[in-house]
Amino acid sequence: MAGKGNNIRKIAISTGGGDAPGLNAVIRAAVVSALHEGWECVGIRDGYNGLLEPDRYPEGGLVRLVRSSVRGITHLGGTILGTTNRGDPRAYPVQAADGSWSEVDRSTELVQAFADHGIDALIAIGGDGSLAIANTLAEKGLKVVGVPKTIDNDLEETQVTFGFDTAVTFATECIDRLHTTAEAHDRLMVIEVMGRYAGWIALHSGLAGSADAILIPEIPYDLESVAQVIRRREAAGRHFSIIVVAEGAHPAGGAPSVIGNDIGQAERLGGIGHRVAAELQTMTGKETRTVVLGHLLRGGSPTTRDRILSLRFGAAAVRAIREGCLGCMVSLDPPEVLYVPLALVTKRIKTVPLDSDTVRTVRDLGVSLGD
Amino acid sequence: MKSTIGILTGGGDVPGLNPAIRAVTIRALREGHRVVGIRRGWGGLVDIVPDKDADNSRNIQFLTEDIVDKAGRTGGTFLHSSRTRPSTLPREFVPPHLQAKYQDDVNDMTDDVLKNLDFLGIDCLIPIGGDDTLSYGAHLHERGVPVVAIPKTMDNDVPGTDYCIGFSTCVTRTIELTHKLRTSAGSHERFLVIEVFGRYAGYTALLPSMAGAAGRCVIPEHPFDLERLTELMVYDRNRNPSNYSVVLVSEGAQISGDSDMSFEGEEADMFGHRKLGGIGDRVANGLKQLSPKYNNGRRVNVVSQRLGYLVRSGNPDALDSIAPMAFGNLALDLVTSGKSGRLVSVHDGRYRSVPMEAIIGTKKVVDVEKYYDTERMRPKYKEFNGLPLFIMTSDA
């Protein structure tokens, strides 16, 4: 077997963007499969920082990955390689002598660094940002296969990303738990979940957790319709309500709430939960509390579903390299894992289709979507 | 003598309230007493219309084994809760049938509460609550109502007892959720800053830290130096092979030099308490800004998370299923033997009761001298021999 497959001898793995449960399972599957092919494996520390800023790593910016490095990590959250959402090589943050920061394009230099280290192909695990970077590297001649990762499930061309199931499972569990507090105090409980500009996590956890209203970015909301649901419940003797809000939700005619816009980093959403809570409290006169689930959704051990998907993706990425299918991303198209061109993936984000069966189900159950 | 027992839950909900209601109710019914559940804490006693033809189903509920058996397995309180204090009731809370009588901005409705207790035929009252709820119970006791109180609060800050219902589940959840966040902090090599409820007491940060949830904790009992905390967090991070470090921040923690704790807003409840919150984000920003000074000029980013209501939501853990059972039965022992004005409690690992006055005028807080290392910003780990099961929470 050794030496087969596009004359590959050595591949690198990188994890980029926010961490998601399942990253380590992908790494393990990719490493074990690659070792089967007779290839050598290295991991790049913190996105591409291990190659771009090797001086930061006293033990080296590349980690040699052998069987023992990936033993027993399938069930672990996080990533053994580290990750960053501040290291886009196309807009790399550089600090000038006066302390100010600017962005420079280091992608060509990065492609060269791969060659310098004798790396023949790259498996890039990440969300839309990391996969767009991977696409640039592919266009500059690097052999790249992408693996779709994001708890937000907002990537096109794959039915689902790994990390999503774990996030939804935990969000649902939190909504279940918060029912007791909401009911004990006859309160409204507004629960803000991650998801960026897509409402997947909110919609799925809200449905599974029996929320009374779900606000998602795809449907700009009018809180009066939510207030009506709350008043109707009140009249029927149900003195509490649960409202799940996606971090990217926004009022009809309004914009999403943004808390940060740092250099070299994507816009950070947040604050909408508190806003919705304050307005609903005024409109209904009900005491209201907010819980922001935040990073809790990306922490912890992956669910069985996410583990299996991650292992399949990791193995498929190595298969793609062997078969010479490059510049592509592995994607789930049940029951198959397919390869799709990277360029297609990052054109736009995948949002919740308003005519989907899940949305219809939510409506059929009488849950308000704020419209 | 067969009597009618009133039971209510006030203040914030915690897991373990329903098991306590269950314990009291089942034994009381089997011994031939009647149990009236009063809804929404003291609120139900304020809103009752003392007319036998009136519909008081929003305010009271006669309890049966069926009702409490099912509810007894769950978190929250099926009787609902409130922070209503009948002795300082704002006009907007005065029920319609009494609005002509109470027209001040703030009213003492205790006379009507006493009338309502008479109307319901309640012989003795078992309030379950924190020091705010129970202080009104003590007030009623002074006015001649037989009262036996059960302490609950996730903060564990009720004086006179080492343990309050809800504290264990809070610690359990805090440990569990903090560990969950480690993967994000580790992946990004950041500081992990976690704010927890706890009001003016540091137990909810101290005990999870002792149990290994965090390397450092800052508590209300000792204002802390942010520079020193940054130095310790950088030190922990550098020593950790995964390159991150964790601090638990009590919502009432205070940066030294600050004139007050961090509050969410100006609004105060009927007990004069404002809602704490926001210190976690302030610590997170401070750590981020100061980190270059202790980390060779490199800034360390932060994952900042408020655990908020998650730590007291959901079903009770083992201890919060067991302790409420004991508290409920102890309360009933006292009631049936004609004793009142008592708070059931745990002292040095043993159940007992103390006079209700124990809760008035003081707050239980962490004994910093004994249990908190101010220099290293974490619990002291020495001299466990002979300590009760719940170390660090004894006020004796």
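Colleague: What makes a residue a contact of A:Val245, and which residues qualify?
Modeller: Two residues are in contact if their C-beta atoms, placed from the backbone, lie within 7 Å. Leaving out residues up to four places away in sequence, A:Val245 touches A:Val190, A:Ile191, A:Glu192, A:Ala202, A:Leu215, A:Ile272, A:Gly273 and A:Val276.

Colleague: What kind of model is this, and how are residues and chains labelled?
Modeller: This is a predicted model, in which local features need pLDDT of at least 70, side-chain atom pairs count only at pLDDT 80 or more, and totals for chains, interfaces and linings use all residues. Residues are numbered from 1 along each chain as its sequence is written, while chains are lettered from A and ligands numbered from 1 in the order in which they are written.

Colleague: How confident is the predictor in chain B?
Modeller: pLDDT is its confidence in each residue, from 0 to 100. Chain B has a mean pLDDT of 94, and 99% of its residues reach 70 or more. The complex gets an ipTM of 0.78 and a pTM of 0.87.

Colleague: What makes a set of residues a nonpolar core, and which members of the largest one touch the most others?
Modeller: The members are buried Ala, Val, Leu, Ile, Met, Phe, Trp, Tyr and Cys residues joined through C-beta atoms within 7 Å. The largest core has 221 residues. A:Ile11, A:Leu122, A:Ile191, A:Ile201, A:Val245, A:Ala317 and B:Ala331 touch the most other members.

Colleague: Is B:Leu140 buried or exposed?
Modeller: B:Leu140 has 22 C-beta neighbours inside 10 Å, so it counts as buried. B:Leu140 lies in helix H5 (residues 131–142) of chain B. Beyond four places in sequence, it touches B:Leu125, B:Val145 and B:Val147. B:Leu140 and B:Gly341 are 201 residues apart in sequence, yet 9.5 Å apart in space, C-alpha to C-alpha.

Colleague: How do you know the length of helix H1 of chain B agrees with expectation?
Modeller: Helices (H or I, at least four residues) and strands (E, at least two) are DSSP runs, numbered from the N terminus. The expected span is 1.5 Å times one less than the number of residues. For the 14 residues of H1(B), residues 17–30, that gives 20 Å; the end C-alpha atoms are 20 Å apart, so the two agree.

Colleague: Why is H1(B) called largely enclosed?
Modeller: 11 of its 14 residues are buried, so the rest of the structure largely encloses H1(B). Its cover includes strands S1 (4–9) and S2 (34–38) and helix H10 (319–336) of chain B.

Methods
Buried ≥ 20, exposed ≤ 12 C-beta atoms within 10 Å, placed from the backbone.
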